[in-house]
Amino acid sequence: HERGVIHRDIKPENILLTDREGNEDFVKVLDFGLAKSLRQPSLTLTGQEVMGTPEFMAPEMIRNPEKAAAPVDLYAFGVLLYEQCSGAPPFGGGVDEILIGQLTRPAPPLVIPEQALPAGSEALLVELPRLVAQLLDKDPEARPTAAALLEALLRLQAQLPRRSLRSKLLATV
């Protein structure tokens with residue numbers, strides 16, 4: 001976003017964790033096919049079609065993809081976090097049902113099973129669902145900025161233990 005680009009299709013398949021210069025969890029964002037530059041005309045012509053992945057689309061992206069701004073990526077990241085924590089996106093069903101949910105229904109609250117968290121990180125049971133709810137707000141102005149999101153994620157990360165060798169091995173399978 002600092003470089004004036006909105007991705008418009010944030011989803012797990014477009015996020016790659018790789019090793020870069022000793023950082024074993026370096027994040028790369030892939031597939032800029034629907035990206036939009038804020039500094040020049042659209043990089044992708046979408047016409048009247050709804051383009052993107054319905055499960056990860058912000059309401060304003062569904063209504064008017066050409067006018068979408070940075071908050072659409074933050075909403076999609078909220079869906080990504082929701083799905084990673086709960087095992088399913090907040091809205092399911094067929095494409096029409098998903099789009100109606102994205103447009104009209106509040107996301108169900110994220111519930112994280114206490115046993116899923118390491119000892120000492122119980123604060124995440126409250127803080128992470130609160131952050132996800134903010135990211136999934138239907139009003140783009142109510143969502144945190146990318147900078148505020150990064151700050152919140154760093155606070156949450158500090159509550160987690162470093163990844164174990166076992167989890168690293170499981171992640172590669």
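**View 1. The two sides of helix α3 in a predicted model.** D96 and T104 are exposed on one side of α3; exposed means over 50% relative accessible area, buried under 20%, and partly exposed in between (1.4 Å probe, protein chains only). On the other side, the buried residues of α3 (residues 95–104) are I98, L99, G101 and Q102. Helices are DSSP runs of H or I with at least four residues, numbered from the N terminus. This is a predicted model: local features need pLDDT of at least 70, side-chain atom pairs count only at pLDDT 80 or more, and totals for chains, interfaces and linings use all residues. Residues are numbered from 1 along each chain as its sequence is written, and side-chain values use heavy atoms, with hydrogens and water left out.

**View 2. V95 of helix α3.** V95 is found in α3. Is V95 buried or partly exposed? V95 is partly exposed, with a relative accessible area of 48%. T53 lies 42 residues from V95 along the chain. The C-alpha atoms of the two are separated by 9.3 Å.

**View 3. Helix α2 against helix α5.** The axes of α2 (residues 71–86) and α5 (residues 146–157) come within 11 Å. They cross at roughly 25°. Axes are lines fitted to C-alpha atoms, for helices over the stretch in contact, and angles run from 0 to 180 degrees between N-to-C directions. The two helices are therefore roughly parallel to each other, a label for angles under 35 degrees. Their crossing is left-handed: the near helix is turned anticlockwise from the far one by less than a right angle. L74, F77 and L81 of α2 make the contact with A146, L149 and L153 of α5; contact means heavy atoms within 4.5 Å. Six of the contact residues are nonpolar, none polar and none charged. Ala, Val, Leu, Ile, Met, Phe, Trp, Tyr, Cys and Pro count as nonpolar, Asp, Glu, Lys and Arg as charged, and the others, Gly among them, as polar.

**View 4. Helix α2 against helix α4.** α2 and α4 (residues 124–135) pack at an angle of about 145°. Their axes are 8 Å apart. The crossing of α2 and α4 is left-handed. From α2 come L74, Y75, F77, G78, L81, Y82 and C85. They meet L128, V132 and L135 in α4. The contact residues divide into nine nonpolar, one polar and no charged.

Conventions. Parallel < 35°, antiparallel > 145°, perpendicular 65-115°, else oblique.
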